[in-house]
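Have a go at each task before you read the solution.

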Amino acid sequence: QPDDRGLIGDVPVLRVTRRGAEAVHFVPAALEPGAEVLLSLDWERRFDHMQQHSGQHLISAIAEQMFGFKTTSWELGRQRSVIELDTPVVTAEQVAALEESVNEKIRDRVPVTVRELAAGDPEIETVRSRGLPDDHVGPVRVVDIKGIDSNLCCGTHVSNLSDLQVIKLLGMEKGKKNKTNLVFLAGNRVLKSIEQSHNTEKALTSLLKNGPGEHVEAVRRLQSSVKLLQKNNLNLLRDIAVLIARDFKSKPAPRQLFVLHRKEGDSEFMNIIANEIGTEETLLFLTVGDEKEAGLFLLAGPVEAVENLGPRVAELLGGKGAGKRGRFQGKAAKMSRRGEVQALLQEFISRQNPEA
């Protein structure tokens, strides 16, 4: 169970841990020894942990009684909690029956009590436990849910199952080898989850212009439309790439350097242009994406030139890339420096062909 938070006077408690029988509090400022202070507990945090922890005890006990599923570990998470059950499979019917049973116990207002036993008391052997820490000293703490469970535990708990309000089992997840994880919410977390779901439902109703029962089908239709649009867009980009390349090649005196940027393009768009133009004699510098932020680049041309210039182009664009056989491509973080790359390439061509 996570530790408590709060204030010692006006100094916040950052963390609490146990060393033997002592509780050690970590604070950001020194406290005056012997000073009288007011301790303020973060009750919302404490009560949440109480609800989840007592909920875990109840779920674990009923799961073992009903189906023989033993709890091997559990985690009290910030958003949801997980119980690891020593079984490879838990059916949906078993989850439903377990949820109904634990909530029935909550409605029965079953008391939860805490008692302490001496370390050598033989009753300890009859209490459900995962064992004591090696550095444990003093009495042993037992948490009893009347008529349901008796468990060694040092955590904080509610005094009556009615304080749990409700438990919602969210379903099963595959655990470690031959184990299954049961995900649950208890108490106020259930209310918060319902509120969040309701707000999401209202937002979707407004966006999709239909009722909650039609949301799934509406999203499926949108997904289908998006896939069709993406396919059409890709086909158009391919056609545009071919036309751009043919236009370049149709000119009476093709330039030795071809530079192009298109925001909507992708890697395939750039490679189609390079394939259509040919890279035996022409050096191509192609970019796609946001003009001033991140994007993709392709440097294509004679093998020796690309091997020489590729890493320098990537460096200028603040990106990384790799290449082979006359093509060097990668991601660019500084697309605004395309002009510097073009100047570098033009200078390279001028050195290679001083009479051009």
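**Exercise 1. How many disulfides does the structure hold, and where is the nearest cysteine sulfur to that of Cys 153?**

Solution. Start with the count: there are 0 disulfides here, a disulfide being a pair of cysteine sulfur atoms within 2.5 Å. Next, look at Cys 153: the nearest cysteine sulfur belongs to Cys 154 and is 5.6 Å away, and Cys 153 is in no disulfide. Cys 154 is in no disulfide either, with the sulfur of Cys 153 as its nearest, at 5.6 Å. Last, check burial, where buried means under 20% relative accessible area, exposed over 50%, and partly exposed in between (1.4 Å probe, protein chains only). Cys 153 has a relative accessible area of 11%, so it is buried, whereas Cys 154, at 75%, counts as exposed.

Before you go on, keep in mind that this is a predicted model: local features need pLDDT of at least 70, side-chain atom pairs count only at pLDDT 80 or more, and totals for chains, interfaces and linings use all residues. Residues are numbered from 1 along each chain as its sequence is written, and side-chain values use heavy atoms, leaving out hydrogens and water.

**Exercise 2. In what order do the 3 strands of the open sheet stand, and which ones are at the edges?**

Solution. First, the terms: helices (H or I, at least four residues) and strands (E, at least two) are DSSP runs numbered from the N terminus, and two strands pair if DSSP finds at least two bridges between them. The order in this open sheet is 2-1-5, with antiparallel pairing. Now zoom in on strand 1 (residues 6–8): 3 bridges join it to strand 2, and the two run antiparallel. In that pairing, Gly 6 sits opposite Val 13 of strand 2.

**Exercise 3. Which residues have the most contacts inside the largest nonpolar core?**

Solution. A nonpolar core is a set of buried Ala, Val, Leu, Ile, Met, Phe, Trp, Tyr and Cys residues joined through side-chain atoms within 4.5 Å. The largest one has 29 residues, and Leu 58, Ile 59, Leu 98, Ile 148, Leu 161, Ile 167 and Leu 169 have the most contacts inside it. At least two core residues come from each of several elements, including helix 1 (43–67), helix 2 (92–107) and strand 11 (167–174). Helix 1 gives the most, with 7 residues. Apart from this core lies another, of 20 residues, among them Phe 285, Leu 309, Leu 317 and Phe 348.

You'll find it in the loop between strand 9 and strand 10, and at 13% relative accessibility it counts as buried. What do the hairpins of strands 9 and 10 and of strands 11 and 12 look like?

Solution. Begin with strand 9 (140–145) and strand 10 (residues 149–152), which pair in the antiparallel sense over 4 bridges. Ile 145 has Asp 149 of strand 10 as its bridge partner. This hairpin has 3 residues between the strands, and Gly 147 takes a positive phi near 75°. Then move to strand 11 and strand 12, which run antiparallel and are joined by 7 bridges. Leu 169 stands opposite Phe 184 in strand 12. Their hairpin has 5 residues between the strands, and Asn 178 in the turn has a positive phi of about 60°.

**Exercise 4. How many aromatic pairs are there, and is the pair of Phe 297 and Phe 328 stacked or edge-to-face?**

Solution. Rings of Phe, Tyr and Trp (its six-membered ring) pair if their centres lie within 6.5 Å; planes under 30 degrees apart count as stacked, over 60 as edge-to-face and the rest as tilted. By this rule the count is 4 aromatic pairs. One of them, Phe 248 with Phe 258, is edge-to-face, at 4.8 Å centre to centre and 65° between the planes. Phe 248 lies in helix 4 (residues 215–250) and Phe 258 in strand 13 (residues 257–262), 10 residues apart. Both Phe 248 and Phe 258 are buried. For Phe 297 and Phe 328, the ring centres are 6.2 Å apart and the planes are at 25°, so this pair is stacked. Phe 297 counts as buried at 0% relative accessibility, and Phe 328 is buried too, with a relative accessible area of 10%.
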